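Hi everyone, thanks for making time for this. Let's have the model up on the screen and walk through it together.

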Amino acid sequence: MKIKFIAYAALLVLAGCQTPAPQSVADSQRPPSNAVRREYVDALRGTIKAGNFVKAEISSVVLLDPEKQIYAYCTRTTERAYPNWSYIGVGLQHDMILYLKKDDYRCHDKRLRYYDFPELRNMKY
């Protein structure tokens, strides 16, 4: 019994104690608005090489913290030089970006819906 507990504890440590988002967060999903899409592209403009993405998707927007009115969404992209998905999590409050987090574990949640993001794929400088 003790060995089973230690093995379970080790798995939690290895997983970084990253639990999936509560069902209430997943249930709050709504498609990203045109303003959210535009703001993200504008935030990246000039910081990445335009036309570098082969695939680009943006997730639904979810209510992450109802008390503080913090929303979140993710983007995932593939590049010519790196064909695997790269994820970025974004936090919003009052329609302003609070943070960008590379490879945010929440972006891998299977309940999160993703949509094509041609605005990012076709971005110009």
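Look at the loop that links strand E2 (62–65) to strand E3 (70–79): that is where Gln69 sits. Keep in mind that this is a predicted model. Gln69 isn't a glycine, yet its phi is positive, near 55°. Why point that out? Because most residues other than glycine have a negative phi.

Now move along to the loop between strand E5 (96–102) and strand E6 (114–116), where you'll find Asp103. Asp103 also has a positive phi, near 55°, and again the residue is not glycine. With a relative accessibility of 48%, Asp103 is partly exposed.

Okay, let's go inside. How many residues make up the largest nonpolar core? The answer is 14, and the ones with the most contacts inside that core are Tyr40, Tyr73, Phe117 and Leu120. Helix H3 (34–44), strand E1 (53–59) and strand E4 (86–93) each contribute at least two of the core's residues. H3 gives the largest share, with 4 residues.

Let's pick Leu120 and see what surrounds it. If we skip neighbours within four places in sequence, Leu120 touches Tyr40, Val41, Leu44, Phe53, Ala56 and Thr77.

Terms used
Residues are numbered from 1 along each chain as its sequence is written. This is a predicted model: local features need pLDDT of at least 70, side-chain atom pairs count only at pLDDT 80 or more; totals for chains, interfaces and linings use all residues. Side-chain values use heavy atoms; hydrogens and water are left out. A nonpolar core is a set of buried Ala, Val, Leu, Ile, Met, Phe, Trp, Tyr and Cys residues joined through side-chain atoms within 4.5 Å. Buried means under 20% relative accessible area, exposed over 50%, partly exposed in between (1.4 Å probe, protein chains only). Contact means heavy atoms within 4.5 Å.
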